[in-house]
Amino acid sequence: MTLNFEFSDDQIKLKEKAAKFVKDEVIPAIDKYDKNEEFPWELAEKAFDLGLMNVRIPKDYGGKGLGLLDEIIIIEEICAGCVGLGTSLNVNSLGFEPIILAGNDDQKNKYLKPLTEKLSFISFGLSETCCGSDAAGIQCKAEKKGDKYVLNGTKFWITNAWIADNFVVFARTGEINRKKKRHLSAFIIEKDWEGVKVADPMKKLGLRTSPTSAILLKDVEVPIKNRLGDEGDGFKIAMDTFATSRPAIGAFGVGVARAALRNSLEYANKRNAFTVPLKKFQLIQQLIARMILGIESAKLLTYKAAKAIDNGKPDMILSSCSKIAGSEIATKAAKDAIQIWGGRGFLSNNPVEKLYRDAKVLEIYEGTTQIQEIIIGGQALEGGYSP
Ligand SMILES: Cc1cc2nc3c(=O)[nH]c(=O)nc-3n(C[C@H](O)[C@H](O)[C@H](O)COP(=O)(O)OP(=O)(O)OC[C@H]3O[C@@H](n4cnc5c(N)ncnc54)[C@H](O)[C@@H]3O)c2cc1C
């Protein structure tokens with residue numbers, strides 16, 4: 001097997017384009033949006049116009065047909081500017097992945113194509129107040145009535161629901177059976193259908209540039225043609241979607257950690273203590289060294305997990321490992337960046353304070369760290385890992 005750690009020329013161009021967008025547009029503007037807890041529409045428009053969104057939508061449906069590694073290269077850069085913006089731009093992938101995996105041609109034409117034509121959003125609605133980790137336990141019900149399903153329930157913590165036109169929603173279509181897990185189905189729902197209501201965005205510790213809302217479904221009539229795959233496929237569709245989306249969260253984490261490193265290097269170069277620059281202290285050098293070690297390790301894992309998916313061999317263990325590695329280095333690097341900034345780091349309105357608030361969610365959404373550990377350990381103990 002050839003081991004190749006080089007990006008292609010096209011990937012280098014993508015990376016440079018995304019990095020320039022972050023340097024010129026995102027970093028100078030983002031604090032205002034964070035402070036106002038506002039979604040940065042102008043930045044999203046620019047990202048869309050630059051071709052930095054939805055890159056994996058297949059060419060047949062108007063997209064670029066790029067791979068997950070390409071998406072990850074872009075999103076790592078954007079998250080080095082703002083992980084809230086990165087989350088909201090990339091949640092489209094979480095929303096459209098079930099359609100790519102299980103949608104038919106009509107569904108793909110109707111719901112993927114518009115995402116490539118103008119800036120628009122699709123959300124992924126699995127979690128409910130009762131159950132985030134316990135996806136099989138969700139309560140939202142879909143009852144079949146003639147040529148329709150009638151959906152009732154509430155989805156909670158849904159990224160972009162506030163700004164999305166459409167949602168992929170998971171609901172119960174049968175009696176709960178935790179062994180077979182055939183009691184969930186997936187549906188595409190349009191926001192302006194009768195009975196669909198999106199609540200105001202929630203107040204959050206961080207990720208304030210990314211709107212998170214509840215979706216309330218009351219007697220929502222969904223045509224059968226809007227079901228993804230067969231009845232009962234929902235749980236599998238959700239899990240297969242996560243296998244693809246988790247390396248992206250690893251890349252979000254790498255981006256956050258890179259921002260923490262960037263700010264730490266700048267500060268350690270300009271701040272003096274005991275009459276010498278901070279950078280001369282070996283304990284500061286150790287913090288920097290650990291950031292770089294974590295960034296480089298997490299990068300390799302996310303790229304490897306993404307490449308496995310691009311090669312048609314998704315690997316749940318690698319995907320989960322990459323999510324843990326990226327999110328852990330993000331939270332650690334953000335914490336250590338505040339340490340390097342000292343008292344200034346603890347004040348509001350500085351870049352490392354925002355990183356610290358933003359990083360934590362990476363260990364929670366799209367499967368907490370504990371859930372990733374259960375996947376990795378559980379599969380390995382069933383013989384599912386070969387080093
Ligand atoms: C900002 C934000 C955006 C989000 N966006 C979306 C979205 O777009 N779509 C969506 O569907 N969801 C979304 N979520 C929901 C998110 O995926 C869930 O919050 C997450 O999966 C955790 O679920 P929970 O909050 O119910 O925690 P719980 O499942 O109640 O877990 C609580 C704690 O118990 C631990 N735990 C649970 N089960 C076990 C176990 N078996 N063994 C050991 N420990 C366990 C967990 O790791 C955690 O530490 C978002 C959440 C946030 C905060």
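This is a predicted model: local features need pLDDT of at least 70, side-chain atom pairs count only at pLDDT 80 or more; totals for chains, interfaces and linings use all residues.
User: How many disulfides does a search of the whole structure find?

Analyst: A pair of cysteine sulfur atoms has to lie within 2.5 Å to count. Cys 130 and Cys 131 meet this, with sulfur atoms 2.3 Å apart. For the whole structure, the number of disulfides found is one.

User: Is the disulfide of Cys 130 and Cys 131 left-handed or right-handed?

Analyst: The torsion about the S-S bond gives the answer here. For Cys 130 and Cys 131 that torsion is about -100 degrees, so the disulfide is left-handed.

User: Are helices H7 and H9 roughly parallel or roughly antiparallel?

Analyst: H7 covers residues 234–270 and H9 covers residues 316–341, and their axes are 7 Å apart. They pack at an angle of about 20 degrees. Angles under 35 degrees count as roughly parallel, so H7 and H9 are roughly parallel.

User: How many nonpolar residues does the contact of H7 with H9 have?

Analyst: The crossing of these two helices, H7 and H9, is left-handed. Sorted by class, their contact has two charged residues and nine polar ones, while the nonpolar residues number 18.

User: What distance does helix H8 reach from its first C-alpha to its last?

Analyst: H8 runs over residues 282–310, which makes 29 residues. After H8 comes Gly 312, with a positive phi near 75 degrees. At 1.5 Å a residue, the expected span of H8 is 42 Å, and the model comes close to it, reaching 42 Å.

User: What is the distance in space between Leu 119 and Lys 46, C-alpha to C-alpha?

Analyst: Leu 119 sits in the loop between helix H6 (113–117) and strand S1 (122–125). With a relative accessible area of 10%, Leu 119 is buried. In sequence, Leu 119 and Lys 46 are 73 residues apart, and in space their C-alpha atoms are separated by 9.4 Å.

How values were computed:
Residues are numbered from 1 along each chain as its sequence is written. Side-chain values use heavy atoms; hydrogens and water are left out. Axes are lines fitted to C-alpha atoms, for helices over the stretch in contact, and angles run from 0 to 180 degrees between N-to-C directions. Helices (H or I, at least four residues) and strands (E, at least two) are DSSP runs, numbered from the N terminus. Angles under 35 degrees count as roughly parallel, over 145 as roughly antiparallel, 65 to 115 as roughly perpendicular and the rest as oblique. A crossing is left-handed if the near helix is turned anticlockwise from the far one by less than a right angle, and right-handed if clockwise. Ala, Val, Leu, Ile, Met, Phe, Trp, Tyr, Cys and Pro count as nonpolar, Asp, Glu, Lys and Arg as charged, and the others, Gly among them, as polar. The expected span of a helix is 1.5 Å times one less than its number of residues. Buried means under 20% relative accessible area, exposed over 50%, partly exposed in between (1.4 Å probe, protein chains only).
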